[in-house]
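Hello,

Here is the structure I said I would pass on. Please open it first, then read the notes below it.

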Amino acid sequence: MNIAAFVRPNILALKPYSCARDEFKGEAKAFLDANENPFGAPYNRYPDPRQTALKEKIARLKHVRPTQIMLGNGSDEPIDLTYRIFCEPGKDNAVGIAPSYGMYSVCADINNVEYREVPLEENFELNARKVLAATDCNTKVIWCCSPNNPSGNLLNRNELRVLLNEFNGMVVIDEAYIDFASEASWLGELDNYPNLIVLQTFSKAWAMASVRCGMAFASEEVLEYYNKVKYPYNINLLTQEFVSKRLDEVAETRSRIDILLQERTKLIVSLQQLPCTRKVYPTDANFVLVEVTDANGIYKKLVEEAIVVRNRHTVLKCGNCLRITVGTPEENKLLIESLRTMA
Ligand SMILES: *Cc1c(COP(=O)(O)O)cnc(C)c1O
């Protein structure tokens, strides 16, 4: 597979900005190269543009090579960069599933790239044939989200494999919720598929949404383009330090995930017993999609009681559905007690 053939000509030809921290690496007696203020260490200095130390930690945790990782200001940054690298505005297009995460189409609009939506099947299953049928010679990217937001289900592995094998372009699998899922990540398959890009984030299972740190994983060849196009200092030092420290607390994170998974099971059982519930969709994420009798009415009543869920009523195939995040035991109890009074 010739990856360079999918890349925009201007990006192929791009000579990236070379910053002071790229040109000299190591310890010096005097850093007089970047017009920094010498006072106020360590935050007076520009941060490592390649986040070497943090990537080494992530690589050990995820069993990938540090060179297979790009870090962004949340996953939103690699989502946007994917368009800027592969899709010629006004000419190329991307294909995504529906319903799914909204940022894929918003970033397509921002970049003036056509976004084609393929409805998922019954129970939000992926049909690879239908997705491939929506592509043409100008399709550069297929967006998949597994576990999918807002439906919560994992996309079928064999169907995803069909896309990876047969699509002549990049396939993104967004695994924002993978740490809550019962199946393994696609990270283990990076070396098998040169057109695979996996997205993960520290915003959900790792409980660091405010820190804004997302990850893109791909082959070294693909990642070179992301590194060329990203802002040189896109991950600030405070974030690099904070995430690095939290990565030492794997056991604590694991046990918090376990609590959320237990709470998820309890929440599903409670939801199923409510008079206002029509259907609780199976989930591999830290949220549940629930079809209720009247999503708009119930959403409004919950807001009046200062409980905020996500109303997905207007989303394709999500009529009368609320998306409910698994909270603390207290929050979940509050929600259920409130819903119990609604029909
Ligand atoms: C929450 C979420 C993300 C994470 O976005 P960040 O910018 O990393 O906070 C990515 N993809 C999906 C599908 C999500 O639901």
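The chain falls into two parts: domain 1 covers residues 3-247, and domain 2 covers 251-339. Please keep in mind that this is a predicted model.

Next, the surface that the two domains share. About 1,800 Å² is buried between domain 1 and domain 2, and carbon and sulfur atoms account for 62% of that area. On the domain 1 side, Phe124, Pro150 and Phe180 provide 36% of the area buried against domain 2, more than any other three residues.

What holds for charged and polar pairs? There are zero salt bridges between domain 1 and domain 2. Polar contacts do occur: seven residue pairs make them across the two domains, with both residues at pLDDT 80 or more.

Last, a sheet. Four strands form an open sheet in the order S8-S9-S11-S10, and their pairing is antiparallel. Strand S8 (277-280) and strand S10 (310-311) are the edge strands, each pairing on one side only. S10 is joined to strand S11 (residues 321-325) by two bridges, and these strands run antiparallel. Arg310 stands opposite Arg323 in S11.

Regards

Definitions and conventions. Residues numbered from 1 in each chain as written. Predicted model: local features only at pLDDT ≥ 70, side-chain atom pairs only at ≥ 80, totals over all residues. Heavy atoms only, no water. Domains from an automatic or database assignment. Buried area = accessible area lost by both parts, 1.4 Å probe. Salt bridge = Lys/Arg side-chain N within 4 Å of Asp/Glu carboxyl O. Polar contact = N/O pair within 3.5 Å; in protein donor to acceptor, adjacent residues only side chain to side chain. Pairing = 2+ DSSP bridges.
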